[in-house]
Amino acid sequence: APDHDRGQLAMLFPGQGSQYVGMLRDLAERYPVVRETLAEADEVMLPILDRPLTDFIFGEGFGEGGHSAEAALVQTTITQPAVLACDVAILRLLAAHGVRPDLVVGHSLGEYGACVAAGVLGLGDAMRTVAARGREMSSATPEGGDPGWMAAVTAPLEVVDEVLAKVEGYVIPANKNCSVQTIIAGATSAVKEAMDLFDAQGIGCMRLPVSHAFHSRIVAAASEPLGRVLSKTDLREPALPILSNVTGEAYPTGTGAREEIIDLLSRQVASPVEFIAEVEAMYDCGVRTFMEVGPKRAQASFVANILGRRPHKSYITNHPKK
């Protein structure tokens, strides 16, 4: 018997940072649905990458040691479709075992996995869109040519806000993950200054190895071309509730929903990820079981931290060490 009210089941889809060379290899060997999903992703991405996406996922054809495969897999233009393909492969594997969500949410890139789960986008359209998203994010030309920095801060949002208020330049909380992790992003000099202030207070702070300050106005130039790509996709009303990173609230339905969803996904790339608000909203509407659907463990840990002692269960579906 469960030690909590199972309530509704939410599936959480991770994004960039969850990738690793060899992810899902064991599942692909064991389950046809995983192989078929990755083959579908290969077919979509081959004209874009000029080689199978699974070469990057499994590290095939990169020589000894896999070092160049790892270097390739962290490139935004490859990471994004690779993680999305793996998220959807696990989603379909769970569905084949009768496990289906009542509500879905994604983290950054993971919102596209949630869109596939909610029927907003088919896998092919989602793959092509994230390929364009990665391309536009990595080529966005910010003001003054500064691509900016991002850093992970081991502190709650309130503390981060206090420190950032003392910084002269542009820096914001970009990923509001949980009470022990906030990701900041902004102009390089401003992030450096903020990191010095956190260090002086003994607060853990580490620069992230990313090309741009994502989820900030530094990459705002990516929003408009992404919107044009989305406007050409077969984008539909959600078939089940899905929450937006931008608002922390449910996607719109009814008249005008398509245009509003395109606007939300276009803005998402340069807007903070309101993950704490999303988890609280899910809990308020009766979600008690949270399942991370992706290659590693990230969102499941955030949920456990956000909800603390409140009754819930938080699960992972795949982990490289297990």
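Residues are numbered from 1 along each chain as its sequence is written. Because the model is predicted, local features need pLDDT of at least 70, side-chain atom pairs count only at pLDDT 80 or more, totals for chains, interfaces and linings use all residues, and side-chain values use heavy atoms, with hydrogens and water left out.

**Exercise 1.** Find the order of the strands in the open sheet, and name its edge strands.

*Solution.* Start with the elements: helices (H or I, at least four residues) and strands (E, at least two) are DSSP runs, numbered from the N terminus. Two strands pair if DSSP finds at least two bridges between them. β4 (171-178) and β6 (205-207) each pair on one side only, and are the edges.

**Exercise 2.** Look at β3 and β5: how many bridges join them?

*Solution.* First locate β3 at residues 149-153 and β5 at residues 181-186. Then count: five bridges, in the antiparallel sense. As a check, alanine 151 has isoleucine 184 in β5 as its bridge partner.

**Exercise 3.** Work out which way β7 and β8 run relative to each other, parallel or antiparallel.

*Solution.* Take β7 (residues 287-292) and β8 (residues 313-316): they run parallel, joined by four bridges. Here phenylalanine 290 stands opposite serine 314 in β8.
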